[in-house]
Amino acid sequence: MVASARDDNVSYFSLLRCAGRCRTTSLSKVLNIGPSPAFLIELDAVDLSVDGRDILRGISLATDARRLGILGRNGSGKTTLARVLAGLQKPTGGRVRIAGIDVVRDRRGALGAVGILFQNPDHQIIFPTVGEEISFGLAQMGMIKSEVRNHVAQTLARFGKLAWLEAAIHQLSQGQRQLVCLMAVLAMNPKVIILDEPFAGLDIPTAMHLSRVLAHANCTLVHITHDPRVIALYDHALWIEGGAIAMQGPAAQVAQAFETAMIELGERDDLTDLTG
Ligand SMILES: Nc1ncnc2c1ncn2[C@@H]1O[C@H](COP(=O)(O)OP(=O)(O)OP(=O)(O)O)[C@@H](O)[C@H]1O
Ligand SMILES: [Mg+2]
C-alpha cells in the first residue's frame with residue numbers, strides 16, 4: 001500500500017495528541033535527549049525494507065504505557081513490527097530500545113527485556129519436551145543448570161503443570177502448546193511481553209484463561225491485533241497502515257477511529273483494497 005499525504009497528516013496530528021508519558025521522536029531530537037532509557041519502549045524512525053519493498057516506514061514511539069495496543073489490517077506490518085520490537089529482525093533504519101537495551105545488538109540483554117508470543121506456537125517451539133523448551137531461554141540468559149531446573153519446576157508448578165516436565169510437546173493440543181510458550185516467556189520474567197494475536201486459534205475458555213494469566217503478569221503488554229475491542233481499555237495504542245503509523249494516542253480513541261474506518265472500508269463494494 002502506498003502512503004498518501006492524508007495518512008501522513010493523520011499520523012502527524014495523532015502524534016501531537018499522544019497521551020500520558022509519550023512523546024514523538026522529533027521532540028526528543030529538539031530537546032536533545034540522550035540515550036538514557038527515558039521510556040521503557042523507544043522506537044526511533046524505524047524503517048524496514050525487504051528486496052526494495054518498504055514494509056515498515058518511519059515508526060517512532062516512546063512510551064511507558066503498561067498496556068499498549070497495536071492495531072492494523074491484514075498485511076499492515078504488525079507481525080513485522082513485533083519481530084523488530086523483540087529484536088528478532090534488524091531494521092534497515094532507525095533504532096529500537098526496550099528498557100534502554102538495543103534489542104538487536106544485545107541479544108542476551110534482550111532476553112530479560114522482551115519476550116514474544118506468536119499466533120502459532122509451532123513457530124516458536126524448538127525442543128521436543130516441555131521442560132527443555134522452558135529451560136532454553138533461562139540457560140541463554142546465563143542461569144546455571146541447577147537454577148534452571150528450579151526455575152522450570154517453579155514455573156510449571158505455578159500453572160499446576162508439574163506433570164508436564166517430561167511431556168512430549170507434539171502430543172499436546174494447540175492451546176496446551178500455546179500455554180507452554182506462555183510459560184517459557186513468563187519464566188524469563190521480561191519487562192515487556194509482545195502478544196502477536198496469540199489467542200486467534202484457541203477456544204473461548206482457553207483464550208480467557210491465558211488472557212487472565214497475562215492480565216495479572218507484572219510486566220508491560222504490547223498486544224497486536226486487528227480487533228479494536230481487544231485493546232479498547234488499554235492505556236495507549238498505535239494504528240499501523242501500510243507499515244506506517246496512521247494514528248496513535250489513548251487506546252479508546254484509536255480503537256474507535258480504527259473501527260469506524262474499517263467498517264467504512266468493509267461496506268464498500270470495491271475489492272481492490274482488500275488486505276493492504
Ligand atoms: N520476510 C519478508 N519478506 C518479504 N515480505 C515480507 C516479509 N515479511 C513480511 N513481508 C510483507 O510485509 C507485509 C506485512 O506483513 P506482516 O506479516 O507484518 O503483516 P501483519 O499486519 O502481521 O498481517 P496479518 O494481520 O495478516 O498477520 C506483508 O505484505 C508481507 O507480505
Ligand atoms: Mg501478523
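Arg97 stands opposite Asp102 in S5, where strands are DSSP runs of E of at least two residues, helices are runs of H or I of at least four, and both are numbered from the N terminus. The model is a predicted one, in which local features need pLDDT of at least 70 and side-chain atom pairs count only at pLDDT 80 or more, whereas totals for chains, interfaces and linings use all residues. Residues are numbered from 1 along each chain as its sequence is written, while chains are lettered from A and ligands numbered from 1 in the order in which they are written.

Strand S4 (residues 93–98) and S5 are joined in the antiparallel sense by two bridges, two strands being taken to pair if DSSP finds at least two bridges between them. These strands belong to an open sheet of four strands with antiparallel pairing, in the order S2-S1-S4-S5. Its edges are formed by strand S2 (53–63) and strand S5 (101–102), each of which pairs on one side only.

Strand S8 (residues 220–225) has six of its six residues buried, so it is largely enclosed by the rest of the structure; a residue is buried if 20 or more other C-beta atoms lie within 10 Å of its own, exposed if 12 or fewer, and partly exposed in between, with C-beta atoms placed from the backbone. In a regular strand the side chains alternate between the two faces of the sheet. In S8, Thr220, Val222 and Ile224 point one way, and Leu221, His223 and Thr225 the other. S8 runs parallel to S3, to which five bridges join it, and Leu71 has Thr225 of S8 as its bridge partner. Strand S7 (residues 192–196) also pairs with S8 in the parallel sense, over five bridges, with Val222 of S8 as the bridge partner of Ile194.

Ala251, Val254, Ala255 and Phe258 are buried in H10. Seen down the helix axis, the buried residues of H10 fall within an arc of 95°, so they line one face; the arc is that of the directions from the axis to the C-beta atoms. The face turned away from this buried side carries the exposed residues Thr260, Ile263, Glu264 and Glu267.
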